[in-house]
Amino acid sequence: MQIVVKASFYRDWNKIGNKELSRVLRKKINEIESAGNISHISHLKKLRNYSSRYKIEIIAGKKIYWALCIVWENKIEFLRLKSETYFKKNL
């Protein structure tokens with residue numbers, strides 16, 4: 001699958017500054033690139049009120065982060081990367 005990363009995702013990633021998160025996120029990106037379709041991606045869940053928006057749960061140490069993304073036919077577009085509590089309050 002093809003991956004597109006928005007600038008807002010990079011900004012969120014740099015703000016967090018967690019080395020464990022960076023390592024786990026790189027592994028997740030490699031997993032997505034090698035996946036044939038979205039059913040082969042672990043921890044990918046569809047958001048209830050949206051038709052093409054998904055979240056990917058990323059566990060880094062004791063913290064849980066969610067990567068918000070849009071899934072097209074053969075492309076995943078990463079939009080935001082925030083903590084689980086942030087998305088539960090604001091989404």
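**Entry 1: the pocket**

I started with the largest pocket and wrote down its lining: Lys46, Leu47, Arg48, Asn49, Tyr50, Lys55, Trp66, Phe87, Lys88 and Leu91. A reminder to myself: this is a predicted model. I looked up the space in this pocket and got about 260 Å³. Then I sorted the lining residues by kind, which gave 5 nonpolar, 1 polar and 4 charged.

Trp66 and Phe87 are both on the lining list, so I checked where they sit, because Trp66 belongs to strand β4 (residues 63-71) and Phe87 to helix α3 (residues 84-90). How are the rings of Trp66 and Phe87 arranged, and how far apart are they centre to centre? They form a stacked aromatic pair, with 6.1 Å centre to centre and 20° between the planes. The pair ties together parts that are 21 residues apart in sequence.

**Entry 2: charges over rings**

Trp66 came up again when I looked for charges over rings. The charged end of Lys55 sits over the ring of Trp66, 3.6 Å from the ring centre. Lys55 is itself one of the residues lining the pocket. I also noted Arg53, whose charged end sits over the ring of Tyr50 at 5.6 Å from its centre. Tyr50 is another name from the lining list.

**Entry 3: the other aromatic pairs**

How many aromatic pairs does the whole structure hold? My search turned up 5. One of them is Phe9 with Trp13: the ring centres are 6.2 Å apart and the planes meet at 65°, so I logged the pair as edge-to-face. Both residues are in helix α1 (residues 7-16), and being 4 residues apart there puts about one helical turn between them. Phe9 and Trp13 are both buried. They also belong to one aromatic cluster, together with Tyr10 and Phe78.

**Entry 4: a backbone angle**

Last, I went through the backbone. Most residues other than glycine have a negative phi. Where does His43 lie? I found it in the loop between α2 (19-34) and β2 (44-46). His43 is partly exposed, with a relative accessible area of 42%.

Key: Residues are numbered from 1 along each chain as its sequence is written. This is a predicted model: local features need pLDDT of at least 70, side-chain atom pairs count only at pLDDT 80 or more; totals for chains, interfaces and linings use all residues. Side-chain values use heavy atoms; hydrogens and water are left out. On a 1 Å grid over the protein atoms alone, a cavity is a set of points where a 1.4 Å probe fits but cannot get out, and a pocket is an open set with protein on both sides within 12 Å along at least five of seven lines; lining residues have an atom within 4 Å of a point. Grid points are joined across faces, edges and corners, and a volume is the space filled by probe spheres set on the points. Ala, Val, Leu, Ile, Met, Phe, Trp, Tyr, Cys and Pro count as nonpolar, Asp, Glu, Lys and Arg as charged, and the others, Gly among them, as polar. Rings of Phe, Tyr and Trp (its six-membered ring) pair if their centres lie within 6.5 Å; planes under 30 degrees apart count as stacked, over 60 as edge-to-face and the rest as tilted. Helices (H or I, at least four residues) and strands (E, at least two) are DSSP runs, numbered from the N terminus. Buried means under 20% relative accessible area, exposed over 50%, partly exposed in between (1.4 Å probe, protein chains only). A charge sits over a ring if NZ of Lys or CZ of Arg is within 6 Å of the ring centre and within 35 degrees of the ring normal.
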